[in-house]
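Keep the structure open as you read.

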Amino acid sequence: MYAERPVRERATSRPSKQAPAAGGIRADAAADRLMREIYRVHVPALMLYLLRLNLDNESVAEDIMQETIVRAWKHMDQLLAAPQSVRPWLFTVARNKAIDLARARRARPVEPSDTDFSRVAMPGDAVDRMLTSATVRRALHSLSPEHRTVIAELYFRGSTLAEAAARIGVPTGTVKSRAHYALVALRRAIGSVDA
C-alpha cells in the first residue's frame with residue numbers, strides 16, 4: 001500500500017553529497033576553504049547585522065549566527081555551486097531565524113518567573129482586610145434594621161441566642177429566624193458586590 005522511501009544516510013563530516021572516490025577530497029577541501037572564508041569574511045558583518053536587528057542581547061545574536069553557520073554547513077554543496085551568493089544567503093537565513101524567534105516570543109505567553117510577586121496581596125494583608133470590611137459594611141447597610149440588629153448581637157458582640165433575645169426583647173425563635181434570613185441576604189448582597 002505504501003511505497004517504501006529510501007533511507008537517508010546520516011550526515012557525516014563531509015558536507016558534499018559526492019562519494020569520496022568521485023572527487024570527495026577536492027569537495028572537502030573546497031568546503032573547508034569556504035567555511036574558513038565564511039568565518040573570516042562574513043561572520044563579523046553577520047554579527048553586526050544581527051545585533052542591529054534589536055535582538056535582546058549578544059548571546060541571542062550569537063545563537064542565531066551559530067544556527068546560520070550550521071545551516072550553511074548542511075547546505076555546503078549549494079553554496080559551493082554559487083560562491084558569489086554566500087553572503088546574501090547567510091544574511092537571508094539569519095534574518096529568517098531572527099524573525100522566527102520574534103514570532104515565537106510573541107506567541108509564547110509571559111513566563112511566570114517574570115512576574116513580581118512582591119506586590120501581590122497576601123491573604124490577611126491589611127489592604128485585603130480593609131476591602132473585606134468595606135464589602136461587609138456595604139452589605140450590612142442593605143439589611144433591614146431588625147436583621148442588622150440580630151447580626152450585630154450574634155456576630156459582633158458574641159451574644160448567645162438567649163442573650164440576644166433578651167437584649168432585643170424578642171423570642172429566641174425569632175432571633176434564629178432573623179439570623180438565618182439576615183445571613184441569606186448578606187450572602188446575596190456580598191455576592192452581588194463581588195460580581
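Which residues does serine 159 touch, not counting residues up to four places away in sequence? Serine 159 touches Glu153, Leu154, Ala164 and Arg167, where contact means heavy atoms within 4.5 Å. This is a predicted model, in which local features need pLDDT of at least 70, side-chain atom pairs count only at pLDDT 80 or more, and totals for chains, interfaces and linings use all residues. Residues are numbered from 1 along each chain as its sequence is written, and side-chain values use heavy atoms, with hydrogens and water left out.

**Serine 159**

- Serine 159 sits in the loop between α6 (145-156) and α7 (161-168). Helices (H or I, at least four residues) are DSSP runs, numbered from the N terminus.
- Serine 159 counts as buried because its relative accessibility is 8%. Buried means under 20% relative accessible area, exposed over 50%, and partly exposed in between (1.4 Å probe, protein chains only).
- The serine 159 side chain makes a polar contact with the side chain of arginine 167, at 2.6 Å. A polar contact is a pair of N or O atoms within 3.5 Å; within protein, one must be able to donate a hydrogen and the other to accept it, and residues adjacent in sequence count only if both atoms are side-chain atoms.

**The salt-bridge network**

- The structure holds 3 salt bridges. A salt bridge is a side-chain nitrogen of Lys or Arg within 4 Å of a carboxyl oxygen of Asp or Glu.
- Glu153, Arg157 and Arg167 are linked in a network of salt bridges.
- Glutamate 153 pairs with arginine 157 in a salt bridge, and the closest N and O atoms are 2.5 Å apart.
- Glutamate 153 also meets arginine 167 in a salt bridge, at 2.9 Å from N to O. This pair links distant parts of the chain: glutamate 153 is in helix α6 and arginine 167 in helix α7, 14 residues apart.
- Glutamate 153 counts as buried, at 4% relative accessibility. Arginine 157 is exposed, at 57%. Arginine 167 is exposed too, at 54%.

**The lysine 97 bridge**

- Lysine 97 forms a salt bridge with glutamate 67, and the closest N and O atoms are 3.8 Å apart.
- Lysine 97 lies in helix α4 (residues 86-107) and glutamate 67 in helix α2 (residues 58-74), so the pair ties together parts that are 30 residues apart in sequence.
- Lysine 97 is partly exposed, with a relative accessible area of 24%. Glutamate 67 is partly exposed, with 40%.

Conventions: Helices (H or I, at least four residues) and strands (E, at least two) are DSSP runs, numbered from the N terminus.
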